[in-house]
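User: I would like to learn how to read the main features of a structural model, one at a time. Please give the general idea first and then the case at hand.
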Amino acid sequence: MKRWRYFAAAAAFSVALGGTAALCAQTGKAEKAQKAGAGVSAAAAASTASAAGAAVYAERFGAVCAACHGANGRSEMVGTPVLAGQYPLYVITQLYLFREGRRKNEAMIALAKQMTDADLRGFSDYIGTLPAVPAPAAGAAPDAARMDKAQVLAKEYKCVYCHGADLAGGQGVPRIGGQKEEYVRTTLLGFKSGERQGYTRAMAEALSQVPADDMALLAYYVANIPAK
Ligand code: HEC
Ligand code: HEC
């Protein structure tokens, strides 16, 4: 699947965060060693260290991030994206963009500017452990005619080519199925106008031929697609 192509760019990105890449390499080595039945004590030490690290970020997430994003990664706060079910590789690229001031949001930039590379990795890994949370049950079922029309658009504009037929994404491509409608609508307009800079140009290109009305319909579809 071509969507994996974009992960290569994201992987190159973690090399830019030197320490982070070294950490990944070490984890990989530790896993291999464990499988081979060798270096067991080194692997055990690494996993104890990472468990302690994970607890730190779970706590920091609860103390800081949960106020807006919700303890389970899904809040009702307007304009605040769902983080539950998101992938570490996507999350780390976005925290990096906020830290660089390339993705605009005052609160997120202020928080990310305080983060070390290890923090970017720690928060991303923690968010990656939060299972997807479905949208709260709506009063009525989504409008079938709008959903059908939007499904055709999602194919025509190749959204499904990268985000997957169920819009669950993977690695560097975000899960968008179940994301909040108004956040998605604003985000799509932002990518198209250049207000939101992506980590790659994938979204700006994907939206170059998409009129605003179709973006609104796509946002409706994305928010209402049944969770997989
Ligand atoms: C004051 C409220 C607030 C707090 C606190 C906050 N966020 Fe955010 N966060 C937001 C908003 C609003 C956005 C969407 C910004 C935009 O419009 O692009 C966002 C976006 C994000 C995104 C991008 C999600 C996506 O789908 O692209 C990540 C990742 C994220 N926040 C992680 C965190 C982490 C980690 C913390 C804690 C260290 C945190 N946030 C604390 C409000 C907050
Ligand atoms: C060529 C691959 C590709 C195509 C086609 C594509 N996307 Fe994306 N999409 C991405 C990537 C990669 C990102 C991460 C953005 C970045 O680079 O920072 C993304 C981000 C998004 C986001 C932001 C999610 C968030 O949590 O902030 C939304 C919403 C989205 N895409 C919707 C769509 C829709 C709707 C379409 C079809 C019109 C589409 N995408 C087509 C690859 C693609």
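User: By class, how many nonpolar, polar and charged residues does the shell around ligand 2 have?

Analyst: First, the conventions: this is a predicted model, in which local features need pLDDT of at least 70, side-chain atom pairs count only at pLDDT 80 or more, and totals for chains, interfaces and linings use all residues. Residues are numbered from 1 along each chain as its sequence is written, and chains are lettered from A and ligands numbered from 1 in the order in which they are written. For the classes, Ala, Val, Leu, Ile, Met, Phe, Trp, Tyr, Cys and Pro count as nonpolar, Asp, Glu, Lys and Arg as charged, and the others, Gly among them, as polar. The shell around ligand 2 has 19 nonpolar, seven polar and one charged residues.

User: Which residues are closest to ligand 2, and which helix gives the most to its shell?

Analyst: A residue is near a molecule if its C-beta atom, placed from the backbone, lies within 6 Å of it. Ligand 2 is surrounded by 27 residues, the closest being Cys 159, Cys 162, Gly 198, Tyr 199 and Ala 206. Helix 8 (159-163), helix 9 (181-193), helix 10 (202-206) and helix 11 each give two or more residues to this shell. Helix 8 gives the most, with four residues. Helices here are DSSP runs (H or I, at least four residues), as strands are (E, at least two), numbered from the N terminus.

User: What surrounds ligand 1?

Analyst: Around ligand 1 there are 18 residues, of which Cys 65, Cys 68, Pro 81, Asn 105 and Ala 107 are the closest. By class, 13 are nonpolar, five are polar and none is charged. At least two residues each come from helix 3, helix 4 and helix 5 (106-113), and helix 3 has the largest share, five residues.

User: How many helices and strands does the protein have?

Analyst: There are eleven helices and zero strands. Of the 228 residues, 30% count as buried, where buried takes 20 or more other C-beta atoms within 10 Å of the residue's own, exposed 12 or fewer, and partly exposed lies in between, with C-beta atoms placed from the backbone. Val 64, a residue of helix 3, has 13 C-beta neighbours inside 10 Å and therefore counts as partly exposed.

User: Which residues touch the most other members of the largest nonpolar core?

Analyst: In soluble globular proteins, nonpolar side chains tend to be buried together. A nonpolar core is a set of buried Ala, Val, Leu, Ile, Met, Phe, Trp, Tyr and Cys residues joined through C-beta atoms within 7 Å. The largest here has 22 residues, and Val 91, Ile 92, Leu 95, Phe 123 and Ile 127 touch the most other members. Helix 3 (40-69), helix 4 (88-99) and helix 6 (117-128) each supply at least two of its residues, with the largest share, seven, from helix 4. A second, separate core has 18 residues, including Ala 150, Cys 159, Met 215 and Leu 218.

User: At roughly what angle do helix 7 and helix 11 cross?

Analyst: Two packed helices are described by the angle between their axes and the distance between the axes. Axes are lines fitted to C-alpha atoms, for helices over the stretch in contact, and angles run from 0 to 180 degrees between N-to-C directions. The axes of helix 7 (residues 144-156) and helix 11 (residues 212-224) cross at roughly 105 degrees and come within 9 Å. The two helices are therefore roughly perpendicular to each other, a label for angles of 65 to 115 degrees (under 35 is roughly parallel, over 145 roughly antiparallel, the rest oblique). The residues of this contact divide into eight nonpolar, two polar and three charged.
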